[in-house]
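Please look over the sequence and the structure below before reading on.

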Amino acid sequence: MDDFPNGCLVSAAAAEQLDELEWNAADLFARHLSGDWGEVSNEVRRMNEDPAKWRRLSCYWHDRKAGLGLVVVEEDDQLTLLTTTELAAIGNPQSPKPASGLH
């Protein structure tokens, strides 16, 4: 199992995709927590960089045409979720809130 900071969760769908892509959840959390937001809109980037905002979003694509990518949603200092781009975009119950601004 990957080691990652407390409060970081991985959805079941994201865990499957991580295995398929041979990606590491800890690496994606580290990128997100270091300020590497991946491919997000300018609006999301500004939100992420605003210290007054409590929500941050990152998107890391493997194959955009196939829709294969993972999203990190940081809701507050207690919860950071790794989920699939598909679940984040539709607001699946495994994703805390629908994501907008994914590139």
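In this predicted model, a search of the whole structure finds one salt bridge. That salt bridge joins D36 and R31, whose closest N and O atoms are 2.8 Å apart.

**The salt bridge**
- Side chains of opposite charge can pair when their charged atoms come close.
- D36 has a relative accessible area of 30%, so this residue counts as partly exposed, a class that lies between the limits of 20% and 50%.
- R31 is likewise partly exposed, because its relative accessibility is 33% and so falls between those limits.

**Helix α2**
- Helix α2 spans residues 25–33, and its buried residues are A25, A26, L28, F29 and H32.
- The elements against which the buried residues of α2 pack are the strands β1 (8–10), β2 (56–63), β3 (68–74) and β4 (80–84), together with the helix α1 (12–21).
- Just after α2 comes G35, which takes a positive phi of about 100°.

**Strand β4**
- Strand β4 is largely enclosed by the rest of the structure, because five of its five residues are buried.
- T80, L82 and T84 point one way from β4, while L81 and T83 point the other way, and all of them are buried.
- β4 pairs with β1 in the parallel sense over three bridges, and within this pairing L81 of β4 is the bridge partner of L9.
- β4 also pairs with β3, in the antiparallel sense and over five bridges, where T83 of β4 is the bridge partner of V71.

**Confidence of the prediction**
- The protein chain has an average pLDDT of 78, and 79% of the residues score at least 70.
- Within the protein chain, confidence is highest in helix α3 (residues 42–49), at a mean of 91, and lowest in helix α4 (residues 85–90), at 72.
- Over residues 92–100 the pLDDT stays under 50, and for this stretch the model has 27 contacts beyond four places in sequence.
- Where pLDDT is low, the predicted coordinates should not be read in detail.

Note on methods. Residues are numbered from 1 along each chain as its sequence is written. This is a predicted model: local features need pLDDT of at least 70, side-chain atom pairs count only at pLDDT 80 or more; totals for chains, interfaces and linings use all residues. Side-chain values use heavy atoms; hydrogens and water are left out. Buried means under 20% relative accessible area, exposed over 50%, partly exposed in between (1.4 Å probe, protein chains only). Helices (H or I, at least four residues) and strands (E, at least two) are DSSP runs, numbered from the N terminus. Contact means heavy atoms within 4.5 Å. Two strands pair if DSSP finds at least two bridges between them. A salt bridge is a side-chain nitrogen of Lys or Arg within 4 Å of a carboxyl oxygen of Asp or Glu. pLDDT is the predictor's confidence in each residue, from 0 to 100.
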